[in-house]
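Colleague: Could you take me through the charged pairs of this chain in some detail, starting with one of them? After that, please go on to the parts of the fold you can describe residue by residue.

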Amino acid sequence: MAHIPSGGAPAAGAAPMGPQYCVCKVELSVSGQNLLDRDVTSKSDPFCVLFTENNGRWIEYDRTETAINNLNPAFSKKFVLDYHFEEVQKLKFALFDQDKSSMRLDEHDFLGQFSCSLGTIVSSKKITRPLLLLNDKPAGKGLITIAAQELSDNRVITLSLAGRRLDKKDLFGKSDPFLELYKPGDDGKWMLVHRTEVIKYTLDPVWKPFTVPLVSLCDGDMEKPIQVMCYDYDNDGGHDFIGEFQTSVSQMCEARDSIPLEFECINPKKQRKKKNYKNSGIIILRSCKINRDYSFLDYILGGCQLMFTVSHEFAINFNPTNPFCSGVDGIAQAYSACLPHIRFYGPTNFSPIVNHVARFAAQATQQQTAMQYFILLIITDGVISDMEETRHAVVQASKLPMSIIIVGVGNADFAAMEFLDGDSRMLRSHTGEEAARDIVQFVPFREFRNAAKETLAKAVLAELPQQVVQYFKHKNLPPTNSEPA
């Protein structure tokens, strides 16, 4: 994948940028569903630990807060990592039921784990996967959902909130209120952005000011709706709902130190039942400030070029309406010419280009004779971010007149490429659908580095004749120079 100028082809005389690799910060949000219940008299108190792989060893990176008595936790604590798209950054998310105050993980009950690469999460933006026990068996019906947000905007927002005359929820006291702020996700569901601290024994709380990246709160869209939920904290995890309201960053920006903004906290159930219901209290936005984190900006500019368009299938001649090159020399010339004007960028997704060629091949299925067969050549360093989508794309392409040749360069782990090459077993998509035939040939270039060019060519093209003949025989299509039988 590449970062290309958003204005299309580079202007004449534009300063070359060079093929620099990008490093960007990524924020991961984690939630769990249907977790194992390890407590006898109550529910599990889960927390999530993130591990990163370093030289074959798993190292703890960070951990979330603990969700009390909750089998479906949405953790407020985010994991922020540096994303190196050209590397396979292996991650492991492990969930535990907190039993003691100890930091030692072996003193807490294990609830399940899930491993993948950071690129897989960034590529999909949001994934939900089953949790596994240490023996790789399912952890009951437990699931983990991980959402990725690229922190490409250095603006941060600081909010100062308070409450007035909130509903009393505790029988022998007042309330222990806290707030949760949500934004709408791409799937239409509300996604937790921030949870405040709990203020004990009061109906007029004043929460500590907090700062979050603007892109985390509203994806940089000042008009995007933000939902604020107010709860009364209970030790058993069954927090009582007080009320809610919706706003936007644009509206919140109206608040100033001397001119606070007030929102009615509404409980819809009470509102429907009581004719004289007014509200369940007032939430006061005492101040809202948007600033720029210049240290973060320096970090971003040091690694990534802003104001560019990301493309997984861009034309190297910068002419998407006519992306064709004349022969191998034309490809090499176009590639050399485009390199100074792009930046390599992640994630590395294969499925878009596989599907792109598959669309050409699908059009060729209308032919009555064996006239067209398409070959996609992929030269890769071994990193692939969208493995499940690529498996599905290859399985679908196996029904079409096309083959895929993958040449691996460098000394990376090419296990993913070897998996796509169905020599030992037929490839299946993540849904279980089996490929109609083997259309992938993988060749590691390092094994032919000192060999003659003819030896490499022979290995690259070894399976192609059989694949072509197999397809047209299966379709009962005669060669173009033969009369139909």
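Modeller: Lys126 and Asp187 form a salt bridge, with 2.6 Å between the closest N and O atoms. Lys126 belongs to strand E8 (residues 126-132), while Asp187 sits in the loop between strand E11 (177-184) and E12, so the pair ties together parts that lie 61 residues apart in sequence. Keep in mind that this is a predicted model. Lys126 has 37% relative accessibility and therefore counts as partly exposed. Asp187, at 40%, is also classed as partly exposed.

The count of salt bridges in the model comes to 16. Another of them joins Arg195 to Glu65, where the closest N and O atoms are 3.0 Å apart. This pair too links distant parts of the chain: Arg195 is in strand E12 (residues 190-195), Glu65 is in the loop between strand E4 (57-63) and strand E5 (79-84), and 130 residues separate them. Arg195 is partly exposed because its relative accessibility is 25%. Glu65 has a relative accessibility of 25% and is likewise partly exposed. As a general point, side chains of opposite charge can pair when their charged atoms come close.

Arg155 and Asp153 make a further salt bridge, at 2.7 Å between the closest N and O atoms. Arg155 is partly exposed, with a relative accessible area of 22%. Asp153 has 16% relative accessibility, which is under the 20% limit, so Asp153 counts as buried. Some salt bridges share partners, and in this way Glu65, Glu180 and Arg195 are joined into one network.

Next comes a sheet. E20, E21 and E22 form an open sheet of 3 strands, in that order and with parallel pairing. Its edges are strand E20 (374-380) and strand E22 (440-444), each of which pairs on one side only. From one strand to the next the twist averages 15°. E20 pairs with strand E21 (residues 402-408) over 7 bridges in the parallel sense.

Is Ser385 buried or exposed? Its relative accessible area is 2%, so Ser385 is buried. Leaving aside residues up to four places away in sequence, Ser385 touches Tyr83, Gly119, Thr120, Ser123, Pro347, Thr348 and Asn349. In H8 itself, the buried residues are Met387, Thr390, Arg391, Ala393, Val394, Val395 and Ala397. The cover over these buried residues of H8 includes helix H7 (351-364), E21, H9 and E22.

A nonpolar patch lies on the surface: Leu377, Ile379 and Val409 together have about 280 Å² of accessible area. Val409 is in the loop between E21 and helix H9 (415-420). With 32% relative accessibility, Val409 counts as partly exposed. A patch residue must have over 30% relative accessible area, which is why Val409 can be a member.

An antiparallel pair of strands is found elsewhere. Strand E6 (residues 90-97) and E7 run antiparallel and are joined by 8 bridges. Within that pairing, Lys90 has Ser117 in E7 as its bridge partner. Strand E7 (residues 109-117) is mostly covered, with 7 of its 9 residues buried.

The last stop is Ala315, in the loop between strand E18 (308-311) and helix H6 (327-338). Ala315 has a relative accessible area of 14% and is therefore buried. Not counting residues up to four places away in sequence, Ala315 touches Pro320 and Pro323. The C-alpha atoms of Ala315 and Ala334 are 9.2 Å apart, and the two residues are 19 residues apart along the chain.

Notes: Residues numbered from 1 in each chain as written. Predicted model: local features only at pLDDT ≥ 70, side-chain atom pairs only at ≥ 80, totals over all residues. Heavy atoms only, no water. Pairing = 2+ DSSP bridges. Helix = DSSP H or I, 4+ residues; strand = E, 2+ residues; numbered from the N terminus. Axes fitted to C-alpha atoms, helices over the stretch in contact; angles between N-to-C directions. Patch = residues over 30% accessible without salt bridge, like charges linked within 9 Å, V, L, I, M, F, W, Y side chains within 5 Å. Areas by Shrake-Rupley, 256 points an atom, 1.4 Å probe, with all protein chains shown as cover. Salt bridge = Lys/Arg side-chain N within 4 Å of Asp/Glu carboxyl O. Buried < 20%, exposed > 50% of the residue type's maximum accessible area, 1.4 Å probe, protein only. Contact = heavy atoms within 4.5 Å.
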